[in-house]
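Please keep the model in view while reading.

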Amino acid sequence: MKQRTLKHRSLLGTTPGDLLFSEPGAALIVFAILALLPVFFSGYMIYILPQYMLFGVLAMSLGLLWGFAGLVSFGQAGFFALGAYTMGLSMKSGGGIIDPAYLGLLLSLVVGGILAAAVGYFLFSAGVRGTYFVLVTLALSIMLEQIAVSQSQITGGWNGMFIDRMSLNLGPFGKISLFDDAPMYYVILPAVAIIYVILYTITVTRFGKILNGIRENEDRLISLGFNASLYKTGVFAISGAVACFAGALYGTHANFVAPSLAGVLFSTEVVVWVAIGGRGSLLGVLLGGILVASFSNYLSAITPEYWQLVLGLLFVAVLLYFRGGVAGAVAQLVNARRAK
Amino acid sequence: MKTASELLRTEGLTKRFRGLVANDSIDFTLKAGELRCVIGPNGAGKTTLISMISGHQQPSNGAIWFQGQNITKLSIIERARRGISRKFQTPTLFDNLSAYENVELAVLRTGCPPRKRRSRILEVLDLVRLVDLADTTASTLSHGQRQWLEVGLLLANDAILLLLDEPTAGMTVEETASTGRLIRRLGQELGLSAIIIEHDINFIRNLQAPVTVLHLGRVLVEGSFHDIEHDEQVRSVYLGDQ
């Protein structure tokens, strides 16, 4: 048998030795820059950036589904809002023997994961695919929004729910207040980095490779003996848990959650972030969430009537000219440079 | 490697699509290590037969036995895990993945330990003559190479019975000859069994495997290619004066 050297493509199409031009290398640089920002900036930027980073995590939860398994979900905002409400209710409950914030974070992972697993199991076992899956996830988002509205005695209805800012409970060593923005920033940033590392690791494992197979040709994968429904349920559960966890952190950071967080508009925005960031790359998707959400915020301030139109046009332009999003375009440039 | 034990048996296998009977009470037996060509005019029920064996279609009546067990009600997934793998008429691959990654996916389903995975993938790619194109994206391979890659997926998936639906369709004369050599090698060296649907009579002649002729959903005749090509019925309904 011939012995040869084979390339192993990373998400940016590079070899493992070329770390600088690989996705993990680029991620290292991005997180280092984010870690240094509070040193040079303060005020509103350091307050709002953790929220955008959590939007980035929400985008990654969809990026994992869409970019790696080919499943487009309009329900991610529903899971995000569910996480925020879970955190709010946990903080209200006082938590019992566990710190209420930790209970909220733990429950958000469990609730999001179980709900997504249950929905995914029934949908995928019944053979729901493609557009039908999109529609069901859209309906899921709407249902969660309506539940938040109708159960006003628990959720506060349209008025929303106020959520206390969490503290970092170190047990016998006391508590660190996260009331100021910089300490909260340094709690959320590592959480985002850890989630990125976990999700990236998933994409390069056996599980991730099988997800790629589902995205490329699910019928072929089934013909090889893979239970594709099981893998799709698994990735949907992971995605739901991640989105819900990000929502829990968002709730305690923003101190507030309202039903519109689960709504169709926000769900659609998440899809736009992922498409623009580049669904083939988790880092691209994370940056898409952070940068496009920042841009949307800026646009909504300067042109409240038309910012959604501008965002929509940007989305259409990316779909027409950069189908792989910004990360896809960067990957092409890197590959072209390496081919020379 | 070859044994005379029975690998596959169908009993009264029937498939009806509303009023149309695509397969009508087919009794078919395949020994372990046997290659079998299935020929017949368009609409004879060849693809329907292997669709029922692979689990892509459920029979209206009849039963399928594989390695002594009734698999009639088993899903595609369960049949694939028992070693029944199918190559489709049109190459069905993971188009945006490389040839290496395509085969890797098939290997991932088997119990191949991670440290042996790479050598197993290269072994399969070598077998289907694609080892030099391991990094090439499947969609950019030639039609013949895509056919071989799909056969490679079946091999990497630890198939015992290969269901090959027109494995030489769209191939050049040279590629067809290579495919014939590959299939013979699979039977002789690896002891694999295969049901091969083909329209290329020269390919079937060169394969020197037993032939089953289907016509109007029924088995018209079975035998060696020599017997088949001199059978008046077969000449009348399919071969003509070839």
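The interface between the two chains draws 37 residues from chain B and 23 residues from chain A into contact, where contact means heavy atoms within 4.5 Å. This is a predicted model, in which local features need pLDDT of at least 70 and side-chain atom pairs count only at pLDDT 80 or more, while totals for chains, interfaces and linings use all residues. Residues are numbered from 1 along each chain as its sequence is written, chains are lettered from A and ligands numbered from 1 in the order in which they are written, and side-chain values use heavy atoms, with hydrogens and water left out.

Chain B and chain A bury about 2700 Å² between them, with 56% of it on carbon and sulfur atoms; buried area is the accessible area (1.4 Å probe) that two parts lose on being put together, summed over both. On the side of chain B, the residues that lose the most area to chain A are B:Phe94, B:Leu108 and B:Asp135, which together account for 20% of what that side buries.

Two salt bridges are found across the interface of chain B and chain A, a salt bridge being a side-chain nitrogen of Lys or Arg within 4 Å of a carboxyl oxygen of Asp or Glu. The side chains of A:Lys209 and B:Glu104 form a salt bridge at 2.8 Å, N to O. Which element gives the most to the side of chain B that touches chain A? It is α3(B), with six residues. By class, that side of chain B has 16 nonpolar, eight polar and 13 charged residues; Ala, Val, Leu, Ile, Met, Phe, Trp, Tyr, Cys and Pro count as nonpolar, Asp, Glu, Lys and Arg as charged, and the others, Gly among them, as polar.

Within chain B, the domain assignment gives domain 1 (1–83 + 161–170 + 193–242) and domain 2 (89–159), with bounds that come from an automatic or database domain assignment. Their contact takes 13 residues from domain 1 of chain B and nine residues from domain 2 of chain B. The C-alpha centres of the two domains lie 25 Å apart.

The area buried between domain 1 and domain 2 of chain B is about 870 Å², of which carbon and sulfur atoms give 55%. In domain 1 of chain B, B:Arg81, B:Leu162 and B:Asp165 lose the most area to domain 2, together 37% of what that side buries. The count of salt bridges between these two domains of chain B is zero.

Conventions
Helices (H or I, at least four residues) and strands (E, at least two) are DSSP runs, numbered from the N terminus.
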